[in-house]
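User: I've got a model open and would like to talk through its features. Can you take my questions one at a time?

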Amino acid sequence: MVPFIALFVGAAVARLAGLAGVDALDGWHPALRVGLALLFVMTGFAHFVSPRREDLIAMVPPRLPRPGMLVAVTGVLELAGAVGLLIPATARPAAAGLALLLLAMFPANVSAARRHLTLAGRPVTPLGTRTAMQIVYVGTALTILFGP
């Protein structure tokens, strides 16, 4: 839930900065890039910090090989995508890549919910809520990809 809040708070603060005169943030499109980047910085770092890293490794569906490596690779991709969102010339390709990454990682969330795993000591987000959040995340990435 914290990344979901980060998306909205980050975008709102960036939009307010744009309204206050920061030209680079003047509009919802750049503000959404900041919000989504904040989300991916938070989630990307979680791929490398204990105890969240161990929880994320446990979320990888059992049939996939080398879950530790998969968590590390997806963490690097999330952090690289966050940086890419903040550079206007790379924002669209970064958004496309992150949308695909979200879709590729969603089975891990389904697996974790079905196996009743925990994340940071709390039950993972229920599947219905997680699906709705995923739609918002992918929708935001697509808005950045296809927006003005």
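User: Where is Val-49 found?

Analyst: A word on the source first: this is a predicted model, where local features need pLDDT of at least 70, side-chain atom pairs count only at pLDDT 80 or more, and totals for chains, interfaces and linings use all residues. Residues are numbered from 1 along each chain as its sequence is written, and side-chain values use heavy atoms, with hydrogens and water left out. Helices here are DSSP runs of H or I with at least four residues, strands are E runs of at least two, and both are numbered from the N terminus. On that basis, Val-49 sits in the loop between α2 (28–46) and α3 (52–59).

User: Is Val-49 buried, partly exposed or exposed, and which residues make the nonpolar surface patch with Val-49?

Analyst: Buried means under 20% relative accessible area, exposed over 50%, and partly exposed in between (1.4 Å probe, protein chains only). Val-49 has 45% relative accessibility, so it counts as partly exposed.

User: What is the pattern along the sequence?

Analyst: The secondary structure comes to six helices and two strands. Read along the sequence, they follow α-α-α-α-α-β-β-α.

User: How does the radius of gyration compare with the globule rule, and what is its value?

Analyst: The radius is taken over C-alpha atoms, and the rule is 2.2 Å times the number of residues to the power 0.38. For 148 residues that rule gives 15 Å, and the protein's value is close to it, so the protein is as compact as a globular protein of that length. The value is 15 Å.

User: Which residues form a cluster through ring pairs?

Analyst: Rings of Phe, Tyr and Trp (its six-membered ring) pair if their centres lie within 6.5 Å; planes under 30 degrees apart are stacked, over 60 edge-to-face, and the rest tilted. A search of the whole structure finds two such pairs, and one of them is Phe-4 with Phe-8, edge-to-face at 5.0 Å centre to centre and 65° between the planes. The rings of Phe-4 and Tyr-137 have centres 6.1 Å apart and planes at 55°, so that pair is tilted. Together the pairs link Phe-4, Phe-8 and Tyr-137.

User: How many residues apart in sequence are the parts tied together by Phe-4 and Tyr-137?

Analyst: Phe-4 lies in helix α1, while Tyr-137 is in helix α6 (residues 127–146), so the pair ties together parts that are 133 residues apart in sequence.
Phe-4 counts as partly exposed because its relative accessibility is 22%, whereas Tyr-137 counts as buried at 2%. The separation asked for is 133 residues.

User: Which residue meets Arg-15 in a salt bridge?

Analyst: Such a bridge is a side-chain nitrogen of Lys or Arg within 4 Å of a carboxyl oxygen of Asp or Glu, and the count comes to one. Its N to O distance is 3.4 Å, between the side chains of Arg-15 and Asp-26. Arg-15 is in helix α1 and its partner in the loop between α1 and α2, so the pair ties together parts eleven residues apart in sequence. The residue you want is Asp-26.

User: Which ring does Arg-15 lie over?

Analyst: A charge sits over a ring if NZ of Lys or CZ of Arg is within 6 Å of the ring centre and within 35 degrees of the ring normal. Arg-15 is buried, with a relative accessible area of 14%. At 5.9 Å from the ring centre, Arg-15 lies over the face of Trp-28.

User: Where is Ala-120, and what is its phi?

Analyst: Most residues other than glycine have a negative phi. Ala-120, in the loop between β1 (118–119) and β2 (122–123), has a positive phi although it is not a glycine. The value is about 60°.
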